[in-house]
Amino acid sequence: MGNLPGMSVLEAGLRNHEWKQIMLAEPPPGSGLKPVLGDAGLPVLGHLIELFRGGPDYVLHLHQTRGPLIYFHHSPSPVVLAIGPDATQELYTNRKKDFSQRGWDPVIGPFFTRGLTLLDFDEHRHHRRILQQAFTAARLTDYVELIDRVVSKVVARDWVADDARFLLHPAMKALAFDIASVVFMGREPGADHERIAKVHRAFAATTVAGEAILRSPVPPFKWWRGLRGRVVLEEYFAAAVQEHRDAGGTDMLTVLCHAEDEDGNRFTDTDVVNHMIFMMMAADDAATSTVTAMAYRLAAHPEWQERARDESARIGDCPLDIEALEKLETLDLVMNESLRLDTPLPFSVRKAVRDTDLLGHYLPAGINVATWPSVNHRLSELWTDPEKFDPDRFVAPRAEHKRHRYAFAPWGGGAHKCIGMTFGRLEVKTVMHRVLRSYRLELPHPNYRARWDYGGVPVPTDGMPIVLRPLTR
Ligand code: HEM
């Protein structure tokens, strides 16, 4: 096979490693099912390095050469890669309830214990109904006001213009955390600085722990640091719940302390702690990745940047609300196209809870299955010229995202579809609107191409040096 641009000798060697065909499990006699075939990869590491370095590029290549289901005999958690929109649909809709969220355990389980995505079936439904109270239209209206207040200040005050060394990704990450401090925790940026900085570091440790190669708590490595981070977060949020139980406020922590479903069910203190830790991670990393990818694409496509800026100019600089954000339709198209090409959650994992089948293949109970929306987003049978940045593909009559129900699934699907989708879209549009009102975005040089590290939520390997040219108005 060919090597991808920028691939190291080690990565190229790993990709070209000789495939030793192995079978996941013999299908039951007479079942008519086919076995899932695959490869063991390197001892202990399996194919982790190719997956972390190549991400969707590597899996797309596997799909083209090996088909829709591939078994990787990783120790200690073997996995089947399930590629293509039909596989994604089966796993997300989960009609027979054969697949559990326990598939996430080896990836994030120890650090995000009992977060919403780690709960299953009836228990998940019960928690999701209460959590939904934090995402009503009235709540979202309050959050937008808070988000806009933070974004307006930070974008104008803290960012460095005209400097090719300014790195957009860390700046966006810091901004996302400032937003989260206000919207989720009800703390103004800068307030209680030491304590919040410690929480920030703990979040950083837990979010990268899942990409550890050494997956046990050995100091000072990532897995161990992630577990220590989790302890810090539990202590912080347990104390914060006590402060917020009797308080008023429009931040999400206060909302969750008081949230009640239609039957009067409420969260315990421990539930609130677990949901807050998971949600802040889910919101922060995915929103940072989305905004960074959008800024990169807009810098590379000035015609789209101008179109988006013209719409922003029509709204002007007054405080934002949902109605104003809904008018930014070009940003919706650019966001969709960025989510398609640089999907923040490239895959989702499930675990078969009983012997079952997928696309006519046999899956034994206990096997983890990873489905790859990010790869579906680049299949030539679904998308015209899939590698091209072309936001108009989402507009009727083309509407390419409707060629299959799961052609486009950056927010997941089924019972576990992102509960923060509307919140996330509003947050991302608020940031982009404020950025476009203040700066013109430029690539550091005309041939610049982003490269992503896929160890966790994709992160640009160079921090994304986008140049901000201040606009004179
Ligand atoms: C901005 C970009 C975002 C993207 C691309 C994104 C993507 C996703 C995806 C793909 C899932 C499904 C995971 C699975 O199948 O197991 C998910 C779940 C989830 N997301 Fe998001 N997300 C984003 C933002 C947010 C925000 C802002 C929040 C919270 C405010 C949030 C909270 C959650 C939660 C709680 C779940 C678990 C839902 C459940 O299991 O019922 N996400 N997200």
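Leaving aside residues up to four places away in sequence, Phe99 touches Leu91, Asn94, Phe121, Arg350, Lys351, Ala352, Val353, Thr356, Leu363 and Val369, where contact means heavy atoms within 4.5 Å. The model is predicted: local features need pLDDT of at least 70 and side-chain atom pairs count only at pLDDT 80 or more, whereas totals for chains, interfaces and linings use all residues. Residues are numbered from 1 along each chain as its sequence is written, and side-chain values use heavy atoms, with hydrogens and water left out.

Phe99 is part of strand β5 (residues 99-100); strands (E, at least two residues) and helices (H or I, at least four residues) are DSSP runs numbered from the N terminus. Phe99 has a relative accessible area of 4% and is therefore buried, the classes being buried under 20% relative accessible area, exposed over 50% and partly exposed in between (1.4 Å probe, protein chains only).

Phe121, one of the contacts of Phe99, is found in helix α5. Although Phe121 is not a glycine, its phi is positive, at about 50°. With a relative accessible area of 27%, Phe121 is partly exposed. A positive phi near 70° is also found in Met464, again a residue other than glycine. Met464 lies in the loop between β12 (459-460) and β13 (467-470), and because its relative accessible area is 0%, Met464 is buried. Two peptide bonds are cis: one joins Pro219 and Pro220, with omega about -5°, and the other runs from Ala396 to Pro397, with omega near 5°. Pro220 is placed in the loop between α8 (193-209) and α9, and Pro397 in the loop between α15 and α16. For context, most residues other than glycine have a negative phi, and most peptide bonds are trans.

The loop between α15 (373-376) and α16 (421-438) also holds Cys418. The SG atom of Cys418 is the single protein donor to the iron atom of the ligand, at 2.3 Å. Donors are N, O and S atoms within 2.8 Å of the metal (3.2 Å for Na, K and Ca), and since water is not among the atoms, sites may look incomplete.

There are 30 residues around the ligand, of which His124, Arg128, Arg350, His416 and Cys418 come nearest; a residue is near a molecule or strand if one of its heavy atoms lies within 4 Å of it. By class, this shell has 19 nonpolar, 9 polar and 2 charged residues. In this scheme Ala, Val, Leu, Ile, Met, Phe, Trp, Tyr, Cys and Pro count as nonpolar, Asp, Glu, Lys and Arg as charged, and the others, Gly among them, as polar. At least two shell residues are supplied by each of α5 (121-131), α11 (269-300), β6 (348-352) and α16. The largest share, 7 residues, comes from α11.

The distance is 2.7 Å for Arg128, 3.2 Å for Thr117 and 3.1 Å for an N or O atom in the side chain of Ser348. A polar contact here is a pair of N or O atoms within 3.5 Å; within protein, one atom must be able to donate a hydrogen and the other to accept it, and residues adjacent in sequence count only if both atoms are side-chain atoms.

His124, which is among the nearest residues to the ligand, is placed in helix α5. At 3% relative accessibility, His124 counts as buried. Beyond four places in sequence, His124 touches Leu116, Leu119, Ala415 and His416.

The largest nonpolar core has 122 residues, and those with the most contacts inside it are Leu81, Trp159, Phe184, Phe237 and Leu441. The largest share of this core, 16 residues, comes from α11. A second, separate core of 16 residues includes Val36, Ala87, Leu91 and Ala352. A nonpolar core is a set of buried Ala, Val, Leu, Ile, Met, Phe, Trp, Tyr and Cys residues joined through side-chain atoms within 4.5 Å. Phe184 is in contact with Ile179, Asp251, Met252, Leu253, Met276, Met279, Met280, Ala283 and Phe423, its neighbours within four places in sequence left aside.

Gly229 is located in helix α9 (residues 222-245). With 5% relative accessibility, Gly229 counts as buried. Apart from residues up to four places away in sequence, Gly229 touches Ala202 and Thr206. Gly229 and Asp246 are 17 residues apart along the chain, and their C-alpha atoms are separated by 27 Å.
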